[in-house]
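Subject: Structure for you to look at

Hello,

Please find the sequence and structure below, followed by notes on what turned up in them. Keep the structure open while you read.

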Amino acid sequence: MAQYSQAADTAAAERFADGVFEAIRSGRQKVRKDGQTVSLAQSPSVRPTRSQLASLGLRASTSAATPECPSELTCRFAPAAASNYQVSTRNSNGMDVNFIVIHDLEGSYDGGISWFQDPASGVSAHYVMKADGSAATQMVATKDIAFHAGNYWTNLHGIGIEMEGYAAQGPTWFTPAQYKATAALVAYLARRFDVPLDRKHIIGHDNVLPPRPARAPDAHWDPGPYWDWERFMALLDADQREQPRNRQEREAEGGGARADIGVGQAVAIAPEFGKNAQTVTVCAPTCRSQTQPSNFLYVRTEPRADAPLVSDLALRPDGSAGSRRIDDWGSTVVWGQEFVVADISGDWTAIWFGGQKGWIHNPAGVNTRPAPDSRIVRPASGTTSVGVYTTAYPRAGEYPQGLPPSAQTRFTMYKFPQGQAYVAARASVGADDFFPATPSRPEVTVTGDQRYDVIQYNRRLATVNTAETD
């Protein structure tokens, strides 16, 4: 089994084999992305003959000396503090990597590495990228679970990449070389873990909903409005559906908003970065307004430029309007996100957004593109309102005795009633949870019999039970 891994060093081969034998001992059942169910019965007595590993003649190595990076990237391994991540055996233990999450450090390259090596921080990322693209540091093995997204279920299924820089100063720090180096890393990871190259799976920290409503006001919003998703996804060689068409191409087709867009259809947010100047208020240390090319659009309550911004009830329980503060993510949509058209009025397009009808300025469809292959979910017949969550944990009764269940918290202020529709990833996911190994037991993966769709609900992703949707 170690030889089958095709690893060049002993440590990597042993990690691979250990993961396989753990799967054989504990058994597995999984629904593949194509819908096929695959089962493996438990064989608890199986034990590997470890003495055979030496006969392969592999070089001695450790994960610290062998970073997982594409060959074109200058990369080293500098481990995070042991308390800042969890040892795991992804994907062999059933915890599939489904997301690659882009962050920014709000600091320097060396400072970020030091922070993740400090046990007091309690956080880590799998990779840190230097602003000039000259270097990358891996800090957590991809099989392990880094604490980067502020949502443990997302961490279970995610790989976190931190950019050197500051979100409010994005153009200063996010260099062409950094985009290129990061795209090379993401493409490499996506191939390894079969992660689709789309904005439902290649996401920002600002697309991750916190696990509980009380944490929404403090949720991170990096990499911020100045990370050029259009450029980045093009570098990834994503599907052509991920590339925006410019205004001239649309007009040449004889189309306007009504030709390209119909109520009930899905559209992707696609403003041209260099021409999409948006004004935000930055309050650090004092408040000031700045207008720069941006990756987002404001969402308003009515189809007019002076209408209030929509309210996010997780941020504003009183229903007050959103603001232009750079850290106020509740009334914005970002390049590449997909939503269902709810209405059209002149130069404005309404989308179903966060449980309400929100309007974006979209003259002649310039800020969107059709997304005809999107998977749209609606409330099932007889369902008054679909529950909106931010994790996909099993039910309490599905956890083995002695393991504390994780709370599947419903965002009760968020609504998904009959008549609304949202775009989901192409495949649903199973309910699951993870417990790392302890001195008294091996690691445990807990699975449930419910399935969830990951939808683009507002600026953030959310989960909905497939039993409640069509």
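Glu398 and Arg395 form a salt bridge, with their closest N and O atoms 3.5 Å apart. A salt bridge here is a side-chain nitrogen of Lys or Arg within 4 Å of a carboxyl oxygen of Asp or Glu. Glu398 is partly exposed at 23% relative accessibility, and Arg395 is partly exposed as well, with a relative accessible area of 39%. For these labels, buried means under 20% relative accessible area, exposed means over 50%, and partly exposed is in between (1.4 Å probe, protein chains only).

Before going on, note that this is a predicted model, in which local features need pLDDT of at least 70 and side-chain atom pairs count only at pLDDT 80 or more, while totals for chains, interfaces and linings use all residues. Residues are numbered from 1 along each chain as its sequence is written, and side-chain values use heavy atoms, with hydrogens and water left out.

More on salt bridges

A search of the whole structure gives 13 salt bridges. In one of them, Asp144 pairs with Lys143, and the closest N and O atoms are 2.8 Å apart. Asp144 is buried, at 6% relative accessibility, and Lys143 is buried too, with a relative accessible area of 17%.

Another salt bridge joins the side chains of Asp328 and Arg316 (2.8 Å, N to O). Asp328 and Arg316 both lie in the loop between β14 (296-298) and β15 (332-334), so the pair ties together parts that are 12 residues apart in sequence. Both Asp328 and Arg316 are buried. Helices (H or I, at least four residues) and strands (E, at least two) are DSSP runs, numbered from the N terminus.

There is also a network of salt bridges, which links Glu302, Arg304 and Asp306.

Disulfides

How many disulfides does a search of the whole structure find? It finds 2, a disulfide being a pair of cysteine sulfur atoms within 2.5 Å. Cys69 is bonded to Cys75, with the sulfur atoms 2.0 Å apart, and Cys69 is buried, with a relative accessible area of 15%. Cys283 is bonded to Cys287, again with the sulfur atoms 2.0 Å apart. The link of Cys283 and Cys287 is right-handed, with 110 degrees about the S-S bond. Cys283 is partly exposed, with a relative accessible area of 25%, whereas Cys287 is exposed at 53%. With the bonded cysteines of the protein chain numbered in sequence order, the pairing is 1-2, 3-4.

Helix α5

Helix α5 covers residues 176-193, and its 18 residues should span 26 Å at 1.5 Å a residue. The expected span is 1.5 Å times one less than the number of residues. The end C-alpha atoms of α5 are 26 Å apart, which agrees. Of the 18 residues of α5, 13 are buried, so the helix is largely enclosed by the rest of the structure. Asp194 follows α5 and has a positive phi, near 55 degrees.

Backbone points to check

Most residues other than glycine have a negative phi, and most peptide bonds are trans. Glu106 is not a glycine, yet its phi is positive, about 55 degrees. Glu106 lies in the loop between β5 and α2 (109-116) and is partly exposed, with a relative accessible area of 42%. Ala364, also not a glycine, has a positive phi of about 55 degrees. Ala364 lies in the loop between β18 (356-361) and β19 (368-370) and counts as partly exposed at 22% relative accessibility.

The peptide bond from Arg90 to Asn91 is cis, with omega near -10 degrees; Asn91 lies in the loop between β4 (85-86) and β5 (99-104). Asp222 and Pro223 are also joined by a cis peptide bond, with omega about 5 degrees. Pro223 lies in the loop between β10 and α6.

His220

His220 is placed in the loop between β10 (202-204) and α6 (229-235). Is His220 buried or partly exposed? His220 is partly exposed, with a relative accessible area of 47%. Leaving aside neighbours within four places in sequence, His220 is in contact with His205, Asp206 and Arg460, where contact means heavy atoms within 4.5 Å.

Regards
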